[in-house]
Amino acid sequence: MADSSSRRLNAARLARAQGLFTIANGLWPAISMSSYEKVYGTKTDRFLVRTIGSLLVGIGLNQVRAAARPEGLPYARRIGTSAALTQLRLDLLNVFAGRVPPTYLLDAAAQAGWLYAWRRADVPPQPPGPGTKFAAGAGMALAGAALGVGAALAGEAVARRIGRGGAVTGDEPAKPEFQPV
């Protein structure tokens, strides 16, 4: 019995830690845009940066709140892993596409760490609700659609690079063009 409660406590601590980390990341550009830009580069659309920051604060608050009760831990895990996967994907895609500077790989490493920690955490299973099968099917459909859109966008990016005469055609290597976000 003590083993089960200590596992729940571990998952609760993890959820609170990730939630607080996410809140801090969301508040950073609102508190000091200048220090944020020193790390992540100059931004042309500061409104968008602050909007994303506000969304991160909301995600973090919900994760901290869910960690307060053992029955909230499955939700805390879902929101934590989905937020980490989303941020990891965006960090990697945008760094390798040359849209953001390589310092975004620091955030990617942090998000990969959260995913690893959640993989090791033991969260009690949540009993399936009446819409579980529908939700799982809808989630798979949306994931498939997202992969299709991602593949299409990647194809367009490659086609633009080939049309521009970059490294793909054998000319001199194309230099990454950082476009401030």
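**Helix packing and nonpolar cores**

Helix 3 (residues 46-66) and helix 4 (residues 73-96) pack at an angle of about 155°, with their axes 8 Å apart; helices are DSSP runs of H or I with at least four residues, numbered from the N terminus, and axes are lines fitted to C-alpha atoms over the stretch in contact, with angles from 0 to 180 degrees between N-to-C directions. The model is predicted: local features need pLDDT of at least 70 and side-chain atom pairs count only at pLDDT 80 or more, while totals for chains, interfaces and linings use all residues. Residues are numbered from 1 along each chain as its sequence is written, and side-chain values use heavy atoms, with hydrogens and water left out.

Helix 3 and helix 4 are therefore roughly antiparallel, a term for angles over 145 degrees. From helix 3, Leu56, Ile59, Asn62, Gln63 and Ala66 meet Leu73, Tyr75, Ala76, Ile79, Gly80, Ala83 and Gln87 of helix 4, contact meaning heavy atoms within 4.5 Å. The residues of this contact comprise eight nonpolar, four polar and no charged; Gly counts as polar, and Ala, Leu, Ile and Tyr are among the nonpolar types.

The largest nonpolar core has 13 residues, of which Ala11, Leu14, Ala15, Leu73, Trp118, Ala121 and Val123 touch the most other members. Such a core is a set of buried Ala, Val, Leu, Ile, Met, Phe, Trp, Tyr and Cys residues joined through side-chain atoms within 4.5 Å, buried meaning under 20% relative accessible area with a 1.4 Å probe, protein chains only. Helix 1 (2-31), helix 4 and helix 5 (104-120) each supply at least two residues of this core, and helix 1 gives the most, with four.

Conventions: Parallel < 35°, antiparallel > 145°, perpendicular 65-115°, else oblique. Buried < 20%, exposed > 50% of the residue type's maximum accessible area, 1.4 Å probe, protein only.
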